[in-house]
Structures are given as C-alpha cells and as structure tokens.
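Let's walk through this model together, one question at a time. Have the structure open beside you as we go.

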Amino acid sequence: MLTLDNVYRASNVLKSVVRKTDIIYAPKLRVGTELYLKTENLQITGSFKVRGSYYKMSRLSKEERERGVIACSAGNHAQGVALSAQKNGIKAVICLPDGAPISKIEATKSYGAEVCLVEGVYDDAYKKALSLRDEKGYTFIHPFDDEDVIAGQGTIALEIADQLPDLDAVIVPIGGGGLISGIAYTMKAINPNVKVYGVQAAGAPSMLKSVQNNKIEELDSVSTIADGIAVKKPGSLTYDICSKYVDEIVTVSDDEISAAILALMEQHKLVTEGAGAVAVAAAMFGKLDLEGKKTVCLLSGGNIDVTILSRVIKRGLLMSGRTCQLMIELVDKPGQLKNVSRIIADLGGNVISVHHERANEGSNVNGCYLRIVLETRNYEHIAEIEQALRDFGFKLL
C-alpha cells in the first residue's frame, strides 16, 4: 500500500543519492502571482525519475537483485533505472525503440546499462521488455504504475513542504501519472489545503480524458513535443490516486510549451525539456486560477534533445511575439523598400530576412510583394509597427 510512511522511508533511502533541488522565485513568468520553480531539471540524470527507480530497487530481494532488472523507456526513465542499477550493483537491461535519439541511447549506456534496441516504437519496445522479463526472470521496473516508484516521486513533495511551508498550490506535469500521484498523495497528507494541479500536453491528454469519463481511457495516438509525457494510457494505480487527490487537470499546446521553454532559458538560465516546461506554460498562459496563491511549478526534467532545441526556440519566439513575418504589397518604384525599412527601424524593429518578388499574373502590373521577418519585443510592438506601415499607406496582407 502507498502510505506516508513509505514516502518518508523513500526520503531516507534517497538522502545520499539524489539532490535536494532548489526552489527559485520566478515572479516575471506570471505577473501578479507569487510563483516558484522546483528545479528537478537539475537533478542527477537530468530528471526526477531516479527517485522512484532507485527506491524501487532498494526494496528488491537478494534473489531479485541477482537476476537483474529490465525497463522500457525512450528517455528519462531509462537513465534513472540505469544509474540506480549501477549504484545498487544490479544488472540492468533497457529496451529502447530503435528510433530513439542517439544522445539518449549513449546517456543510458554511460550509466552502465545494457541497451536493447527494438525495431518499431515504444509499444514494441515495451512488449520486448516483458518478453525478456519472462524469459530471463528480470524484475520489470515500471515507469509510473508502481507503489514504490510513486513513493519515490513523492519525496519531492516532502522537499517542497520543507522549503515552502506556507505553500498554496503546486503545478505538476502528467504523463502516466507517477509523479503527480506521489506528489498529490504526499502533499494532501501533509496539508490537505494545498491545491494540486496537473498539466498534460494537448496532444496527449490521457489522464484528463480518463478522469473526465470516470474510467481509464486509451488514446488512439499522441502527438506533442513533450515526449516525456506522451503517454496513451495512464496506469490503474495512478488513475485512482489522481481521481482522489488531484484538484484540476489542464492542457497546454506545443506553442505554449515552446514559449515556456524559451522564457525559462532567458529569464532564469534554466534548460527544460518539453515535459519539464508544461507546468510553467500552464501558469504563463492563465490555464489555472493562481491569484493570491503561493505556487510552485515543478520542472520535471531538462533532457531536451539539442537537435530540436533550435526549432523549439523558434516556435517560442513566434508564440511570445518576439519574431513575426509581415507581407506587404508595394508599388514597384524606387524608395519603397527604403520607406519600409525606415519605419521599422524608427520603431526599434530588427529585420532579419527580406524576400522581394514581382506581382503574380492577375495583379497590378506595377505591383510587388515584400515578405519580411522581424525581431520584435512583444505583440504590442508588432501591432505598433503594423499600424505605422498602414498609416504611411502600405497595404499589409
């Protein structure tokens, strides 16, 4: 059974293993709200996952340790299990889909685990892990639907309660539900008045759908940049705990997640992965009523693949009004481009690319089009530039 005593036991076991991550004050992320960040993205292995996997392994019998453990993951759980096994002197086999990023495969190997690449997607790797478990007698370390794993994740709530005893609310990412189950159960046991809010990616709302429909729902597909929480079906244990202890669940879009990643990098010099930024995205874009509440956003992980980071930043810039594209219809005569440039420069915009093309068939014979990409401060700045161009007589398309 999941009990508060079990969470405290986990905390004691993990004292010499994990970092007690800092809480950082972040007032600019949501003006008018007393917002804080719990920086599990700075945890060893780059995410909270090591807490649950290490505690689970500490509870294995001598026979189970000798046989070894197996897990299936394309990301943080793999690294958490690998490091936990290494520290406990246990053999670990991690099944990964063969399309997993090379950086994550190498990170998992670096912690001493044996990596088994499986052709296909996560579900294929999961089936292979269960097959090897049955064949070799390994203990399967579930990423979320296990009481000891949940108790390990619940140690985060003990830290938060110690660091901010007058807390009003905590916002937590949800994938399979192991993290929020541990935090919600523990936090409500310590202080039932603390609100526990969950956040899912809009492209993978499996727990939200399940709670709304009062039964576990499996999605046909998931699609989000927050791959760490792209789970089709929540666990039965985590579903029960979330139904009982989580106050509200909301979703955020990929654009909102990208904007949150960018804001955390710029304002707090913190790198988060998509899943790690969803709590901040929910706060930034007003998904929850946080007025008058001292609130902690949990940054669950920082293992973003550098190959997609530039794309995420680009989307974040667009979402926050930091870049924009304007299409302007001009008369093809000398001085037009000069006037456009002057107006933008006078208002502090920065042109980063220009594409000029003659009018197409059917349009004014003297017409042409100017497509400009700008660096701007915010949406108000964009509106100011657009209005100045219109006032001068330019037509914006």
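Buried means under 20% relative accessible area, exposed means over 50%, and partly exposed lies in between (1.4 Å probe, protein chains only). This is a predicted model, where local features need pLDDT of at least 70, side-chain atom pairs count only at pLDDT 80 or more, and totals for chains, interfaces and linings use all residues. Residues are numbered from 1 along each chain as its sequence is written, and side-chain values use heavy atoms, with hydrogens and water left out.

Q: Is Tyr-245 buried or partly exposed?
A: Look at the relative accessible area of Tyr-245, which is 21%. Buried needs a value under 20%, so Tyr-245 counts as partly exposed.

Q: Which residue forms an aromatic pair with Tyr-245, and what is the angle between the planes?
A: Rings of Phe, Tyr and Trp (its six-membered ring) pair if their centres lie within 6.5 Å; planes under 30 degrees apart count as stacked, over 60 as edge-to-face and the rest as tilted. Here the centres are 5.5 Å apart and the pair is edge-to-face. The partner is Tyr-185, and the angle is 85°.

Q: How many residues apart in sequence are the parts that Tyr-185 and Tyr-245 tie together?
A: Helices (H or I, at least four residues) and strands (E, at least two) are DSSP runs, numbered from the N terminus. Tyr-185 lies in helix α8 (residues 178-190) and Tyr-245 in helix α10 (residues 236-245), so the pair joins parts whose separation in sequence is 60 residues.

Q: Why is helix α12 largely enclosed by the rest of the structure?
A: Helix α12 spans residues 274-284. Its buried residues include Gly-274, Val-278 and Val-280. What covers them, by contact (heavy atoms within 4.5 Å), includes β2 (34-39), α11 (254-268) and β10 (294-299).

Q: How many disulfides does the structure hold?
A: A disulfide is a pair of cysteine sulfur atoms within 2.5 Å. The structure holds none of these, so defined. Cys-95 is in no disulfide, as the nearest cysteine sulfur, that of Cys-116, is 4.3 Å away. The total is zero.

Q: Which cysteine has the sulfur closest to that of Cys-368, and how far away is it?
A: Cys-368 counts as buried, at 1% relative accessibility. The closest cysteine sulfur is too far for a bond: it is in Cys-324, at 19 Å.
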